[in-house]
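Hello,

Here is the structure for your files. My notes follow below it.

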Amino acid sequence: MANQSNFQMKVTEGNLGYVLQDVPHLTDYIPNLPTYPNPLRFNPAYSVVKQYFVDMDDSVPQKIVVHKDSPRGVHFRRAGPRQKVYFTPEEVNACIVTCGGLCPGLNTVIREIVHSLDYMYGATKVLGIDGGYRGFYSKNTKPLSPKIVNDIHKRGGTILGTSRGGHDTMKIVDSIQDRGINQVYIIGGDGTQKGAAVIYEEIRKRGLKVIVAGIPKTIDNDISVIDQSFGFDTAVEEAQRAINAAHVEAESAENGIGVVKLMGRYSGFIAMYATLASRDVDCCLIPESPFYLEGQGGLFEYIAKRLKENGHMVIVVAEGAGEDLLSAKNEQDASGNKLLQDIGLWLSRRIKEHFSKQQKLPITLKYIDPTYMIRAIPSNASDNVYCTLLAQSAVHGAMSGFTGFTSGLVNGRHTYIPFNRITEQQNKVVITDRMWARLLSSTNQPSFLGRKQLDEAKKEQESQSQLMDDATNIADAKTGNRIKK
Ligand SMILES: Nc1ncnc2c1ncn2[C@@H]1O[C@H](COP(=O)(O)OP(=O)(O)O)[C@@H](O)[C@H]1O
Ligand SMILES: O=P(O)(O)OC[C@H]1O[C@](O)(COP(=O)(O)O)[C@@H](O)[C@@H]1O
Ligand SMILES: [Mg+2]
(Lines give C-alpha, C1' and ligand atoms only; values in the text may rest on other atoms or scores of the structure.)
(Ligands and ions follow the chains in the order given, each with its own letter.)
Protein backbone atom coordinates (compact mmCIF):
# COMPACT_ATOMS: atom_id res chain seq x y z
CA MET A 1 0.00 0.00 0.00
CA ALA A 2 1.47 3.29 -1.03
CA ASN A 3 -0.37 5.51 1.40
CA GLN A 4 1.89 7.14 3.94
CA SER A 5 0.55 8.62 7.12
CA ASN A 6 1.83 11.99 8.40
CA PHE A 7 0.11 11.58 11.72
CA GLN A 8 1.28 14.27 14.16
CA MET A 9 1.15 13.01 17.70
CA LYS A 10 0.12 15.35 20.52
CA VAL A 11 2.66 15.08 23.30
CA THR A 12 2.39 16.69 26.72
CA GLU A 13 5.19 16.60 29.25
CA GLY A 14 4.78 16.76 33.01
CA ASN A 15 7.03 16.61 36.02
CA LEU A 16 9.41 13.75 36.76
CA GLY A 17 9.71 12.72 33.13
CA TYR A 18 5.98 12.15 32.63
CA VAL A 19 5.02 12.07 28.93
CA LEU A 20 1.44 11.84 27.64
CA GLN A 21 1.24 10.60 24.06
CA ASP A 22 -2.21 11.95 23.47
CA VAL A 23 -4.84 11.37 20.80
CA PRO A 24 -6.42 14.14 18.72
CA HIS A 25 -9.72 15.77 19.66
CA LEU A 26 -12.33 17.35 17.38
CA THR A 27 -11.71 20.69 19.10
CA ASP A 28 -8.08 20.63 17.88
CA TYR A 29 -9.35 21.66 14.47
CA ILE A 30 -13.00 22.70 14.95
CA PRO A 31 -13.35 25.48 17.54
CA ASN A 32 -16.43 26.26 19.62
CA LEU A 33 -18.17 22.92 19.31
CA PRO A 34 -21.22 22.64 21.57
CA THR A 35 -21.12 20.02 24.34
CA TYR A 36 -23.89 18.14 26.12
CA PRO A 37 -24.12 16.35 29.46
CA ASN A 38 -23.29 12.67 29.07
CA PRO A 39 -26.63 10.78 28.96
CA LEU A 40 -25.07 8.05 31.13
CA ARG A 41 -25.65 10.40 34.06
CA PHE A 42 -29.31 9.52 33.79
CA ASN A 43 -28.80 5.83 33.04
CA PRO A 44 -30.08 3.77 36.02
CA ALA A 45 -27.30 1.18 35.61
CA TYR A 46 -24.40 3.62 35.60
CA SER A 47 -25.67 6.62 37.57
CA VAL A 48 -25.12 4.79 40.87
CA VAL A 49 -21.47 3.96 40.13
CA LYS A 50 -19.13 6.16 42.14
CA GLN A 51 -16.69 7.92 39.83
CA TYR A 52 -18.05 6.30 36.69
CA PHE A 53 -16.74 9.15 34.57
CA VAL A 54 -13.07 9.19 33.78
CA ASP A 55 -11.13 12.22 34.93
CA MET A 56 -9.79 14.23 31.97
CA ASP A 57 -6.28 13.91 33.40
CA ASP A 58 -6.28 10.13 33.96
CA SER A 59 -3.59 8.33 32.03
CA VAL A 60 -2.07 4.85 31.92
CA PRO A 61 1.69 4.18 31.91
CA GLN A 62 3.14 2.12 29.11
CA LYS A 63 5.89 0.72 31.30
CA ILE A 64 4.91 -0.35 34.77
CA VAL A 65 8.22 -1.74 35.90
CA VAL A 66 10.30 1.30 36.78
CA HIS A 67 13.36 2.09 38.86
CA LYS A 68 13.51 4.45 41.82
CA ASP A 69 15.08 7.29 39.88
CA SER A 70 13.89 6.56 36.35
CA PRO A 71 11.55 8.97 34.50
CA ARG A 72 7.86 8.11 34.65
CA GLY A 73 7.85 7.63 30.88
CA VAL A 74 5.13 7.36 28.27
CA HIS A 75 1.46 7.38 29.20
CA PHE A 76 -1.72 7.00 27.20
CA ARG A 77 -5.08 8.64 27.77
CA ARG A 78 -7.33 6.44 29.86
CA ALA A 79 -10.44 5.25 27.99
CA GLY A 80 -13.95 5.62 29.32
CA PRO A 81 -16.93 7.95 29.49
CA ARG A 82 -16.47 11.70 30.04
CA GLN A 83 -18.84 14.16 31.72
CA LYS A 84 -19.45 15.98 28.44
CA VAL A 85 -20.19 14.60 25.00
CA TYR A 86 -19.89 16.24 21.60
CA PHE A 87 -22.85 14.59 19.86
CA THR A 88 -26.57 14.53 20.56
CA PRO A 89 -28.15 11.07 20.13
CA GLU A 90 -30.09 12.22 17.06
CA GLU A 91 -26.98 13.68 15.48
CA VAL A 92 -24.92 10.45 15.55
CA ASN A 93 -24.62 8.73 12.18
CA ALA A 94 -22.10 5.95 12.72
CA CYS A 95 -20.63 3.27 10.51
CA ILE A 96 -18.61 0.12 11.17
CA VAL A 97 -16.17 -1.61 8.83
CA THR A 98 -14.10 -4.78 9.25
CA CYS A 99 -10.90 -5.24 7.20
CA GLY A 100 -8.08 -7.76 6.78
CA GLY A 101 -8.10 -11.43 7.78
CA LEU A 102 -10.74 -13.02 9.99
CA CYS A 103 -10.29 -13.25 13.74
CA PRO A 104 -12.54 -14.67 16.48
CA GLY A 105 -14.49 -11.84 18.11
CA LEU A 106 -15.15 -9.57 15.13
CA ASN A 107 -18.91 -10.06 15.43
CA THR A 108 -18.77 -9.41 19.17
CA VAL A 109 -17.09 -6.04 18.59
CA ILE A 110 -19.69 -5.12 15.93
CA ARG A 111 -22.50 -6.13 18.28
CA GLU A 112 -21.15 -4.17 21.21
CA ILE A 113 -20.56 -0.97 19.21
CA VAL A 114 -24.18 -1.05 18.05
CA HIS A 115 -25.47 -1.87 21.53
CA SER A 116 -23.31 0.73 23.29
CA LEU A 117 -24.31 3.49 20.89
CA ASP A 118 -27.98 2.71 21.38
CA TYR A 119 -28.27 1.63 25.02
CA MET A 120 -25.71 4.02 26.48
CA TYR A 121 -26.02 7.06 24.24
CA GLY A 122 -29.43 6.67 22.57
CA ALA A 123 -27.82 6.75 19.10
CA THR A 124 -29.71 4.54 16.67
CA LYS A 125 -28.27 5.34 13.24
CA VAL A 126 -25.52 2.78 12.56
CA LEU A 127 -24.51 1.49 9.15
CA GLY A 128 -22.43 -1.57 8.33
CA ILE A 129 -19.93 -1.16 5.48
CA ASP A 130 -19.96 -4.25 3.30
CA GLY A 131 -16.70 -6.12 2.63
CA GLY A 132 -13.90 -3.94 4.04
CA TYR A 133 -12.55 -0.59 2.86
CA ARG A 134 -13.69 -0.98 -0.73
CA GLY A 135 -17.28 -1.34 0.51
CA PHE A 136 -17.33 2.41 1.27
CA TYR A 137 -17.41 3.24 -2.42
CA SER A 138 -18.45 0.07 -4.22
CA LYS A 139 -21.27 -1.48 -2.23
CA ASN A 140 -24.50 -0.66 -0.45
CA THR A 141 -24.46 -0.24 3.32
CA LYS A 142 -26.25 -2.53 5.75
CA PRO A 143 -28.39 -0.93 8.50
CA LEU A 144 -27.46 -2.23 11.96
CA SER A 145 -29.69 -2.24 15.03
CA PRO A 146 -29.43 -3.96 18.43
CA LYS A 147 -31.99 -6.49 17.20
CA ILE A 148 -30.09 -7.31 13.99
CA VAL A 149 -26.80 -7.85 15.82
CA ASN A 150 -28.23 -9.49 18.93
CA ASP A 151 -26.97 -13.03 18.32
CA ILE A 152 -24.01 -12.45 16.07
CA HIS A 153 -21.37 -12.93 18.78
CA LYS A 154 -22.18 -16.64 18.67
CA ARG A 155 -20.96 -16.86 15.08
CA GLY A 156 -17.45 -16.81 13.66
CA GLY A 157 -16.35 -14.46 10.89
CA THR A 158 -17.83 -11.01 10.41
CA ILE A 159 -21.41 -10.33 9.36
CA LEU A 160 -20.10 -7.33 7.43
CA GLY A 161 -17.60 -9.25 5.33
CA THR A 162 -13.98 -8.22 4.98
CA SER A 163 -11.30 -7.81 2.33
CA ARG A 164 -7.69 -6.95 1.64
CA GLY A 165 -6.59 -4.11 -0.63
CA GLY A 166 -9.07 -1.57 -2.00
CA HIS A 167 -8.04 1.32 0.25
CA ASP A 168 -8.72 4.47 -1.76
CA THR A 169 -8.57 7.34 0.74
CA MET A 170 -10.32 9.97 -1.38
CA LYS A 171 -13.16 7.69 -2.42
CA ILE A 172 -13.62 6.48 1.17
CA VAL A 173 -13.73 10.00 2.65
CA ASP A 174 -16.02 11.20 -0.18
CA SER A 175 -18.37 8.37 0.69
CA ILE A 176 -18.23 9.24 4.41
CA GLN A 177 -18.99 12.87 3.59
CA ASP A 178 -21.75 12.08 1.06
CA ARG A 179 -23.53 9.77 3.50
CA GLY A 180 -23.27 12.28 6.36
CA ILE A 181 -21.43 9.75 8.52
CA ASN A 182 -19.85 11.36 11.63
CA GLN A 183 -18.43 8.37 13.55
CA VAL A 184 -16.35 5.77 11.72
CA TYR A 185 -15.44 2.60 13.64
CA ILE A 186 -12.68 0.67 11.89
CA ILE A 187 -11.90 -2.87 13.07
CA GLY A 188 -8.71 -4.35 11.69
CA GLY A 189 -5.02 -5.13 12.01
CA ASP A 190 -1.85 -3.14 11.42
CA GLY A 191 -2.68 -2.57 7.74
CA THR A 192 -6.21 -1.44 8.61
CA GLN A 193 -5.00 0.99 11.28
CA LYS A 194 -2.56 2.51 8.75
CA GLY A 195 -5.56 2.98 6.47
CA ALA A 196 -7.54 4.50 9.36
CA ALA A 197 -4.73 6.98 10.02
CA VAL A 198 -4.82 8.34 6.46
CA ILE A 199 -8.62 8.51 6.52
CA TYR A 200 -8.39 10.54 9.75
CA GLU A 201 -5.84 12.92 8.19
CA GLU A 202 -8.00 13.53 5.13
CA ILE A 203 -11.06 14.12 7.31
CA ARG A 204 -9.11 16.61 9.39
CA LYS A 205 -7.82 18.34 6.24
CA ARG A 206 -11.42 18.76 5.12
CA GLY A 207 -12.35 20.08 8.59
CA LEU A 208 -15.15 17.54 9.07
CA LYS A 209 -16.78 16.77 12.39
CA VAL A 210 -16.15 13.07 11.89
CA ILE A 211 -14.56 10.73 14.43
CA VAL A 212 -12.21 7.97 13.28
CA ALA A 213 -11.88 5.25 15.91
CA GLY A 214 -9.89 2.06 15.43
CA ILE A 215 -10.32 -1.26 17.19
CA PRO A 216 -7.20 -3.44 16.85
CA LYS A 217 -7.77 -6.90 15.38
CA THR A 218 -5.08 -9.48 14.81
CA ILE A 219 -5.14 -13.18 15.42
CA ASP A 220 -1.33 -13.13 15.20
CA ASN A 221 -1.09 -10.70 18.17
CA ASP A 222 1.35 -8.66 16.08
CA ILE A 223 0.05 -5.20 17.06
CA SER A 224 2.47 -3.34 19.29
CA VAL A 225 1.75 -1.35 22.48
CA ILE A 226 -1.37 -3.29 23.46
CA ASP A 227 -1.22 -6.15 25.97
CA GLN A 228 -2.88 -8.65 23.69
CA SER A 229 -5.32 -8.61 20.79
CA PHE A 230 -8.85 -10.01 20.94
CA GLY A 231 -9.26 -13.49 19.44
CA PHE A 232 -5.73 -14.47 20.40
CA ASP A 233 -6.85 -16.27 23.55
CA THR A 234 -9.48 -18.15 21.53
CA ALA A 235 -6.90 -19.06 18.88
CA VAL A 236 -4.44 -20.44 21.43
CA GLU A 237 -7.21 -22.47 23.03
CA GLU A 238 -8.45 -23.88 19.71
CA ALA A 239 -4.89 -24.72 18.67
CA GLN A 240 -4.79 -27.18 21.58
CA ARG A 241 -7.22 -29.44 19.73
CA ALA A 242 -4.88 -29.73 16.76
CA ILE A 243 -1.85 -30.26 19.00
CA ASN A 244 -3.72 -32.94 20.97
CA ALA A 245 -4.63 -34.72 17.74
CA ALA A 246 -1.02 -34.55 16.56
CA HIS A 247 0.13 -35.94 19.89
CA VAL A 248 -2.36 -38.82 19.83
CA GLU A 249 -1.33 -39.72 16.27
CA ALA A 250 2.38 -39.48 17.07
CA GLU A 251 2.10 -41.47 20.29
CA SER A 252 0.20 -44.27 18.59
CA ALA A 253 2.84 -44.97 15.94
CA GLU A 254 6.39 -46.19 16.11
CA ASN A 255 8.64 -43.17 15.65
CA GLY A 256 5.53 -41.05 15.23
CA ILE A 257 5.93 -37.37 14.41
CA GLY A 258 3.04 -34.88 14.50
CA VAL A 259 3.55 -31.56 12.73
CA VAL A 260 1.03 -28.75 13.37
CA LYS A 261 1.09 -25.48 11.44
CA LEU A 262 -0.37 -22.45 13.21
CA MET A 263 -0.90 -18.89 12.00
CA GLY A 264 1.69 -16.18 12.47
CA ARG A 265 2.98 -14.50 9.36
CA TYR A 266 5.62 -12.33 11.01
CA SER A 267 5.08 -13.09 14.72
CA GLY A 268 5.04 -16.47 16.39
CA PHE A 269 2.87 -15.69 19.41
CA ILE A 270 0.13 -18.26 18.72
CA ALA A 271 2.74 -21.01 18.26
CA MET A 272 4.64 -19.94 21.38
CA TYR A 273 1.60 -19.73 23.68
CA ALA A 274 -0.04 -22.86 22.24
CA THR A 275 3.21 -24.72 22.90
CA LEU A 276 3.53 -23.39 26.43
CA ALA A 277 -0.10 -24.29 27.14
CA SER A 278 0.05 -27.79 25.72
CA ARG A 279 3.24 -29.29 27.19
CA ASP A 280 2.99 -32.05 24.55
CA VAL A 281 5.09 -30.08 22.07
CA ASP A 282 8.74 -30.99 21.66
CA CYS A 283 9.71 -28.24 19.27
CA CYS A 284 8.22 -24.86 18.40
CA LEU A 285 9.43 -23.00 15.31
CA ILE A 286 8.59 -19.31 14.86
CA PRO A 287 9.52 -16.57 12.35
CA GLU A 288 11.62 -14.68 14.90
CA SER A 289 13.93 -17.59 15.61
CA PRO A 290 15.77 -18.91 12.53
CA PHE A 291 16.48 -22.62 12.49
CA TYR A 292 18.35 -25.11 10.32
CA LEU A 293 17.84 -28.76 9.52
CA GLU A 294 21.17 -30.50 8.99
CA GLY A 295 24.25 -30.94 11.12
CA GLN A 296 25.11 -30.40 14.74
CA GLY A 297 22.48 -28.50 16.71
CA GLY A 298 20.05 -28.76 13.79
CA LEU A 299 16.42 -29.92 13.74
CA PHE A 300 17.14 -33.39 12.30
CA GLU A 301 19.61 -34.13 15.05
CA TYR A 302 17.07 -33.06 17.67
CA ILE A 303 14.28 -35.15 16.10
CA ALA A 304 16.52 -38.22 16.12
CA LYS A 305 17.31 -37.61 19.79
CA ARG A 306 13.65 -37.20 20.78
CA LEU A 307 12.57 -40.29 18.85
CA LYS A 308 15.28 -42.30 20.56
CA GLU A 309 14.35 -40.96 24.00
CA ASN A 310 10.58 -40.90 23.69
CA GLY A 311 9.49 -42.82 20.58
CA HIS A 312 7.43 -39.91 19.26
CA MET A 313 7.41 -36.12 19.02
CA VAL A 314 5.24 -33.10 18.18
CA ILE A 315 6.45 -30.08 16.23
CA VAL A 316 4.52 -26.80 16.09
CA VAL A 317 5.50 -24.49 13.28
CA ALA A 318 4.24 -20.93 12.74
CA GLU A 319 3.44 -20.21 9.10
CA GLY A 320 6.17 -17.55 8.78
CA ALA A 321 8.93 -19.68 10.32
CA GLY A 322 11.95 -20.79 8.30
CA GLU A 323 11.16 -18.43 5.49
CA ASP A 324 14.84 -18.16 4.61
CA LEU A 325 14.91 -21.92 3.97
CA LEU A 326 12.18 -21.86 1.33
CA SER A 327 12.81 -20.44 -2.12
CA ALA A 328 11.43 -16.90 -2.14
CA LYS A 329 8.47 -16.24 -4.43
CA ASN A 330 8.17 -12.52 -3.64
CA GLU A 331 4.42 -12.59 -4.08
CA GLN A 332 2.09 -10.27 -2.17
CA ASP A 333 -1.59 -10.24 -1.34
CA ALA A 334 -3.86 -7.32 -2.27
CA SER A 335 -2.80 -5.43 0.86
CA GLY A 336 0.91 -5.83 0.18
CA ASN A 337 1.49 -8.59 2.75
CA LYS A 338 4.01 -11.29 1.84
CA LEU A 339 2.42 -14.46 0.49
CA LEU A 340 4.08 -17.41 2.16
CA GLN A 341 4.77 -20.91 0.92
CA ASP A 342 3.52 -23.77 3.10
CA ILE A 343 6.33 -24.28 5.62
CA GLY A 344 4.44 -27.17 7.25
CA LEU A 345 4.25 -29.18 4.04
CA TRP A 346 7.86 -28.40 3.15
CA LEU A 347 9.12 -29.35 6.60
CA SER A 348 7.10 -32.57 6.66
CA ARG A 349 8.52 -33.57 3.27
CA ARG A 350 12.10 -32.81 4.31
CA ILE A 351 11.75 -34.76 7.58
CA LYS A 352 10.30 -37.77 5.75
CA GLU A 353 13.04 -37.67 3.13
CA HIS A 354 15.77 -37.38 5.73
CA PHE A 355 14.65 -40.16 8.05
CA SER A 356 13.17 -42.65 5.62
CA LYS A 357 15.70 -42.31 2.80
CA GLN A 358 18.92 -41.09 4.39
CA GLN A 359 18.74 -42.48 7.92
CA LYS A 360 16.70 -45.59 6.99
CA LEU A 361 14.66 -45.00 10.13
CA PRO A 362 11.00 -45.69 9.42
CA ILE A 363 8.90 -42.82 10.76
CA THR A 364 5.18 -42.06 10.63
CA LEU A 365 4.55 -38.38 10.12
CA LYS A 366 1.15 -36.72 10.21
CA TYR A 367 0.80 -33.09 9.17
CA ILE A 368 -2.14 -31.07 10.51
CA ASP A 369 -2.98 -27.59 9.18
CA PRO A 370 -5.83 -26.19 11.31
CA THR A 371 -5.09 -22.53 10.49
CA TYR A 372 -8.38 -21.42 8.92
CA MET A 373 -10.41 -23.64 11.27
CA ILE A 374 -8.90 -21.77 14.21
CA ARG A 375 -9.56 -18.36 12.75
CA ALA A 376 -13.16 -19.04 11.77
CA ILE A 377 -14.60 -19.93 15.18
CA PRO A 378 -16.53 -17.57 17.50
CA SER A 379 -14.58 -15.98 20.33
CA ASN A 380 -14.40 -17.70 23.70
CA ALA A 381 -15.88 -16.26 26.89
CA SER A 382 -12.89 -14.19 27.95
CA ASP A 383 -12.40 -12.76 24.45
CA ASN A 384 -16.11 -11.88 24.38
CA VAL A 385 -15.73 -9.79 27.52
CA TYR A 386 -12.56 -8.22 26.14
CA CYS A 387 -14.29 -7.36 22.82
CA THR A 388 -17.18 -5.83 24.73
CA LEU A 389 -14.92 -3.51 26.71
CA LEU A 390 -12.88 -2.53 23.63
CA ALA A 391 -16.06 -1.63 21.76
CA GLN A 392 -17.47 0.31 24.72
CA SER A 393 -14.19 2.22 25.08
CA ALA A 394 -14.25 3.14 21.39
CA VAL A 395 -17.83 4.43 21.67
CA HIS A 396 -17.08 6.44 24.85
CA GLY A 397 -14.04 7.97 23.11
CA ALA A 398 -15.99 8.88 19.98
CA MET A 399 -18.88 10.41 21.94
CA SER A 400 -16.34 12.43 23.97
CA GLY A 401 -14.89 13.94 20.79
CA PHE A 402 -11.61 12.02 20.66
CA THR A 403 -10.55 10.92 17.21
CA GLY A 404 -7.57 9.39 15.40
CA PHE A 405 -7.22 6.76 18.09
CA THR A 406 -7.11 3.03 18.52
CA SER A 407 -8.81 1.67 21.58
CA GLY A 408 -6.47 -0.76 23.33
CA LEU A 409 -5.56 -2.47 26.56
CA VAL A 410 -2.27 -1.33 28.13
CA ASN A 411 -1.18 -2.96 31.35
CA GLY A 412 -4.71 -4.17 31.95
CA ARG A 413 -6.30 -0.72 31.50
CA HIS A 414 -8.29 0.48 28.51
CA THR A 415 -6.68 3.41 26.72
CA TYR A 416 -6.78 5.56 23.59
CA ILE A 417 -3.57 5.13 21.60
CA PRO A 418 -2.54 7.47 18.78
CA PHE A 419 -2.55 5.69 15.40
CA ASN A 420 1.16 6.21 14.77
CA ARG A 421 2.11 4.28 17.91
CA ILE A 422 0.02 1.33 16.77
CA THR A 423 1.39 1.27 13.23
CA GLU A 424 5.08 2.25 13.66
CA GLN A 425 6.28 -1.26 14.38
CA GLN A 426 5.02 -4.82 14.68
CA ASN A 427 4.83 -6.77 17.88
CA LYS A 428 7.19 -9.73 17.73
CA VAL A 429 8.39 -12.47 20.02
CA VAL A 430 11.68 -11.27 21.48
CA ILE A 431 13.90 -14.32 21.51
CA THR A 432 16.24 -12.79 24.09
CA ASP A 433 13.29 -12.27 26.46
CA ARG A 434 12.14 -14.41 29.37
CA MET A 435 9.09 -15.83 27.61
CA TRP A 436 11.06 -17.46 24.81
CA ALA A 437 13.52 -18.78 27.39
CA ARG A 438 10.56 -20.34 29.23
CA LEU A 439 9.48 -21.99 26.02
CA LEU A 440 12.96 -23.32 25.28
CA SER A 441 13.19 -24.73 28.75
CA SER A 442 9.72 -26.31 28.54
CA THR A 443 10.39 -28.10 25.24
CA ASN A 444 14.12 -28.57 25.74
CA GLN A 445 14.60 -27.87 22.04
CA PRO A 446 17.84 -26.36 20.74
CA SER A 447 17.83 -22.58 20.36
CA PHE A 448 19.38 -23.01 16.87
CA LEU A 449 21.41 -19.92 17.66
CA GLY A 450 25.16 -19.60 17.84
CA ARG A 451 26.85 -17.17 20.24
CA LYS A 452 27.24 -14.64 17.42
CA GLN A 453 23.53 -14.68 16.53
CA LEU A 454 22.55 -14.38 20.19
CA ASP A 455 24.78 -11.33 20.57
CA GLU A 456 23.31 -9.81 17.41
CA ALA A 457 19.76 -10.44 18.62
CA LYS A 458 20.56 -8.81 21.96
CA LYS A 459 22.17 -5.81 20.25
CA GLU A 460 19.18 -5.35 17.98
CA GLN A 461 16.82 -5.52 20.95
CA GLU A 462 18.88 -2.93 22.82
CA SER A 463 19.00 -0.56 19.86
CA GLN A 464 15.22 -0.94 19.38
CA SER A 465 14.47 0.00 22.96
CA GLN A 466 16.98 2.85 22.71
CA LEU A 467 15.13 4.13 19.63
CA MET A 468 11.82 3.90 21.49
CA ASP A 469 13.21 5.77 24.47
CA ASP A 470 14.68 8.48 22.23
CA ALA A 471 11.42 8.94 20.37
CA THR A 472 9.57 9.12 23.64
CA ASN A 473 11.79 11.61 25.33
CA ILE A 474 12.09 14.13 22.53
CA ALA A 475 9.07 16.31 22.47
CA ASP A 476 8.69 19.99 21.86
CA ALA A 477 7.49 21.35 25.18
CA LYS A 478 6.07 24.50 23.60
CA THR A 479 3.92 23.04 20.81
CA GLY A 480 3.53 19.60 22.30
CA ASN A 481 4.36 18.17 18.88
CA ARG A 482 6.84 15.41 18.31
CA ILE A 483 10.20 16.42 16.89
CA LYS A 484 11.62 13.90 14.46
CA LYS A 485 15.32 13.27 14.88
N1 LIG B 1 -0.31 1.55 4.43
C2 LIG B 1 -1.62 1.46 4.21
N3 LIG B 1 -2.33 2.57 3.91
C4 LIG B 1 -3.66 2.48 3.68
N5 LIG B 1 -4.36 1.34 3.74
C6 LIG B 1 -3.72 0.21 4.03
C7 LIG B 1 -2.31 0.20 4.28
N8 LIG B 1 -1.95 -1.08 4.56
C9 LIG B 1 -3.08 -1.83 4.47
N10 LIG B 1 -4.14 -1.06 4.16
C11 LIG B 1 -5.52 -1.50 3.96
O12 LIG B 1 -6.01 -2.08 5.17
C13 LIG B 1 -6.84 -3.20 4.89
C14 LIG B 1 -6.41 -4.39 5.69
O15 LIG B 1 -5.00 -4.59 5.60
P16 LIG B 1 -4.36 -6.03 5.74
O17 LIG B 1 -2.90 -5.87 5.80
O18 LIG B 1 -4.91 -6.93 4.68
O19 LIG B 1 -4.95 -6.64 7.08
P20 LIG B 1 -4.77 -6.21 8.59
O21 LIG B 1 -5.44 -4.93 8.80
O22 LIG B 1 -5.43 -7.31 9.30
O23 LIG B 1 -3.30 -6.14 8.82
C24 LIG B 1 -6.79 -3.42 3.40
O25 LIG B 1 -8.00 -2.98 2.83
C26 LIG B 1 -5.61 -2.61 2.93
O27 LIG B 1 -5.80 -2.06 1.64
O1 LIG C 1 -5.43 -16.17 3.63
P2 LIG C 1 -5.57 -14.80 4.17
O3 LIG C 1 -6.97 -14.37 4.34
O4 LIG C 1 -4.77 -13.80 3.42
O5 LIG C 1 -5.02 -14.82 5.63
C6 LIG C 1 -3.83 -15.38 6.01
C7 LIG C 1 -3.13 -14.52 6.99
O8 LIG C 1 -3.97 -13.92 7.90
C9 LIG C 1 -3.36 -13.86 9.19
O10 LIG C 1 -4.10 -14.71 10.01
C11 LIG C 1 -3.37 -12.53 9.84
O12 LIG C 1 -3.41 -11.54 8.94
P13 LIG C 1 -3.96 -10.06 9.29
O14 LIG C 1 -3.96 -9.90 10.78
O15 LIG C 1 -3.01 -9.16 8.60
O16 LIG C 1 -5.32 -9.99 8.75
C17 LIG C 1 -1.97 -14.39 8.99
O18 LIG C 1 -1.47 -15.12 10.04
C19 LIG C 1 -2.14 -15.24 7.77
O20 LIG C 1 -0.95 -15.34 7.08
MG1 LIG D 1 -1.66 -7.45 9.26
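Asp220 touches Met263, Gly264, Arg265, Ser267, Phe269 and Ile270, leaving aside residues up to four places away in sequence; contact means heavy atoms within 4.5 Å. This is a predicted model: local features need pLDDT of at least 70, side-chain atom pairs count only at pLDDT 80 or more, and totals for chains, interfaces and linings use all residues. Residues are numbered from 1 along each chain as its sequence is written, and side-chain values use heavy atoms, without hydrogens and water.

UniProt, in an unreviewed entry, lists Asp220 under "active site"; such annotations may be inferred rather than shown by experiment. Asp220 sits in the loop between β11 (211-216) and α6 (232-251). Helices (H or I, at least four residues) and strands (E, at least two) are DSSP runs, numbered from the N terminus. Asp220 counts as buried, at 9% relative accessibility. Buried means under 20% relative accessible area, exposed over 50%, partly exposed in between (1.4 Å probe, protein chains only).

Now the rings. The structure holds eight aromatic pairs. Rings of Phe, Tyr and Trp (its six-membered ring) pair if their centres lie within 6.5 Å; planes under 30 degrees apart count as stacked, over 60 as edge-to-face, the rest as tilted. Tyr52 and Phe53 are edge-to-face, with centres 6.1 Å apart and planes at 70°. Both are buried. Phe232 and Tyr273 are also edge-to-face, at 5.6 Å and 85°. Phe232 is in helix α6 and Tyr273 in helix α7 (residues 269-278), so this pair ties together parts 41 residues apart in sequence. Phe232 is buried at 3%; Tyr273 is partly exposed at 30%.

Best wishes

Definitions and conventions: Chains are lettered from A and ligands numbered from 1 in the order in which they are written.
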